[in-house]
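These are my notebook entries on a two-chain model. The sequence and structure come first, and the entries follow.

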Amino acid sequence: MTVTTSEPLRQRALRALDTVVDPELDEPITDLGFVRSLDLTGDGRVTVHLRLPTSFCSPNFAYLMASDAKDALTALDGVASVEVLLDDHHDSDLINRGLAADAGYRGTFGHEAEQDLEELRLTFRRKAHIAATDRALGRLLRAAPNTPGQELYGLVLGDLPDGPATRALLRRRAALGLGTDPADFVLVDEDGARVPPDGIPARLRFAHSVRVSIEGNVHFCRGLLRTRYPDEADAASGRTLLPLLTADASAPSSPAPKENAS
Amino acid sequence: MYRKDGESYFIVDAHIALWDARPENQLNIHGKQFIDCFYDYHRNLGPESEHWPYEEFLYQGGERLMKDLFTDGHVDHAVFQPARLGAFYRNGFGQTEEAFALAQKHPDKLTYNHCWDPRFEQSGLDRLRRDAERFRLKGVKLYTAEWKGDSRGYKLDDPWSRRYLETAIELGIKNIHIHKGPTIRPLDRDAFDVADVDSVASDYTELNFVVEHCGLPRLEDFCWIATQEPNVHAGLAVAIPFMHTRPRYFAQIIGELLYWLDEDRIQFSSDYALWTPRWLVERFVDFRIPEDMDEYPPLTVAQKKKILGLNAAAMYDIPVPAECALTEPAAV
């Protein structure tokens, strides 16, 4: 019998979980602290416990993350079986039963499900893309705040500085099936159509609001998770949760856009 | 009333509750999960000096409420916005009789709004007529993620929902407070989506739609519809305590709201008993948008006066003492 040592598999399992993103927050569940534990046996049985900031987090997102985690782990070589369990949620029983039976979204939620969750995913990929546009253009626009729409209209990806914000934008574009070539235009809508010059200021202003909204939700969820599970280290990854910022967070350090590996 | 630096602020707390989440009123595990979630909000967003023991958080009663709001909290008038949560609590979460009795005893200080659920269809509509008369309703609070039987939510533009809104117009109920939650049928889409608010706000222009916690976690979607629908307002419940934990994020929220809406359509609320109004009022009066966040203009005293009370007072016809009124009328 071939035995895969648990160390490398553990690393691979963690990397697989790194690819699972909270669609609403646009960050990996591992960074968010949503992976409570990861246990492996010598014969390739994997058990993961997930936890969320509240019992009342949206059940559709909870299901998506749990089923994505199961899919990502099942695809690994050397894995014989995968059990993903969502802890302490109002739909824990329902979701855990559905996951164990590989019942799918409709099989899990029955009459509450009509089709699938692809439109939900798409909605949030679009939000992630527009927020990433704000981050990628932010520095450029702060340096030259009165750049006319006409000039931005001709901006191509190759004009953006190489850095985490640009790379994050490229990933969000790829997830939507938008071009990532240096000659591709930066300012396109979620279907890839160019935003006309006179629509650019409004588009960028809205992009800023989307970014404020998503980043605010991230901080709220991180804070609530820490309040809910104050004594638990992030067992699975050995990383600790971000510290909850206190009243003194007025130093201009706060919502520094966090770049992640999704 | 709150006075600071020679200015007088009339305070309307536009979203408060008198709830009972004690174990004997919990119908099932969800009753406990719900209040525990609230308690985490309370501890996470409020300053440590304002944290309550869990036991006190479960139930306050009328006397404590009056003290926290009116004796200690600078509040001049407050509006009950009850959630029924009949699937989680035996006698409901919001305590109708107790809150209404308190409002009758202190009509100058308290307004009682009630709730409805369009899934009760005709019987609920008949009930609404009786409730409107008994409570003299000016407003209602709708929690769209309320569970009922095997349904876990509804939309404001469902056919029965529209009939309720049309009946509200007929009965003179003008103010519709909306609280979005995580469940709705089908689960395929985003439950926090405010597209249904957009739809009814443009169809029923006689009504005011106050979206509680200003659409969070979908601030951007809320701003987008509010900018197009002049009868859509922002309630600051849940958003305003971010002044403590995340002051820069709160600056962004208020900056975005003032950019997309205007200063006449934002209302203060403590969301009592999630938080108490005293520290929120004091800190909001002192609050400044950090200087380096120059994408947002500074908050003015007039804007703070409107947000803390004048806007909700206008919506609920609450008289404002002359010393608190703005010398210039609200029109921007």
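Predicted model: local features only at pLDDT ≥ 70, side-chain atom pairs only at ≥ 80, totals over all residues.

**Entry 1. The sheet of chain B.** I began with F80(B) and found that its bridge partner in β5(B) is Y112(B). I took helices (H or I, at least four residues) and strands (E, at least two) as DSSP runs, numbered from the N terminus. I counted two strands as paired if DSSP finds at least two bridges between them. Strand β4 (residues 77-80) of chain B and β5(B) pair in the parallel sense over three bridges. I then read the whole sheet: three strands of chain B form an open sheet in the order β3-β4-β5, with parallel pairing. I noted as background that strands of a sheet pair through backbone hydrogen bonds, either parallel or antiparallel.

Which strands stand at the edges? They are β3 (12-16) and β5 (110-112) of chain B; each has a single partner strand, so one side of each is left without a neighbour in the sheet. From one strand to the next, the twist averages 20°. I also looked up what packs on this sheet: helix α4 (residues 96-105) of chain B touches β4 and β5 of chain B, and its direction makes about 140° with that of β5(B). For this angle, axes are lines fitted to C-alpha atoms, for helices over the stretch in contact, and angles run from 0 to 180 degrees between N-to-C directions.

Entry 2. Residues are numbered from 1 along each chain as its sequence is written, and chains are lettered from A and ligands numbered from 1 in the order in which they are written.

**Entry 3. Domains of chain B.** The bounds I used come from an automatic or database domain assignment. For chain B it gives domain 1 (1-111 + 262-332) and domain 2 (113-235). The C-alpha centres of these two domains of chain B lie 20 Å apart. I counted residues as in contact if their C-beta atoms, placed from the backbone, lie within 7 Å. On this basis 18 residues of domain 1 of chain B are in contact with 19 residues of domain 2 of chain B. On the domain 1 side, the elements that give two or more residues are β3, β4 and β11 of chain B. I classed Ala, Val, Leu, Ile, Met, Phe, Trp, Tyr, Cys and Pro as nonpolar, Asp, Glu, Lys and Arg as charged, and the others, Gly among them, as polar. That side of domain 1 of chain B has eleven nonpolar, five polar and two charged residues.

**Entry 4. Backbone details.** I looked up two cis peptide bonds in chain B. One joins L216(B) and P217(B), with omega about 10°; P217(B) lies in the loop between β9 (208-211) and α8 (219-226) of chain B. Another joins Y272(B) and A273(B), also with omega about 10°; A273(B) is in the loop between β11 (266-267) and α11 (277-286) of chain B.

I next checked V238(B), a residue other than glycine with a positive phi near 70°. V238(B) sits in the loop between β10 (232-235) and α9 (242-245) of chain B. Is V238(B) buried or exposed? I call a residue buried if 20 or more other C-beta atoms, placed from the backbone, lie within 10 Å of its own, exposed if 12 or fewer, and partly exposed in between. V238(B) is buried because it has 21 other C-beta atoms within 10 Å.

In chain A, phi of D102(A) is positive, near 50°. D102(A) is in the loop between α4 (92-100) and α5 (104-109) of chain A. With 11 C-beta neighbours inside 10 Å, D102(A) counts as exposed.

Entry 5. I recorded nine helices and five strands in chain A. Its assignment gives domain 1 (6-112) and domain 2 (118-228), with C-alpha centres 28 Å apart. Between the chains, 38 residues of chain A are in contact with 36 residues of chain B. The elements giving two or more residues to this side of chain A are α3 (59-74), α6 (118-143) and α9 (200-228) of chain A. The largest share, twelve residues, comes from α9(A).

Notes
Contact = placed C-beta atoms within 7 Å.
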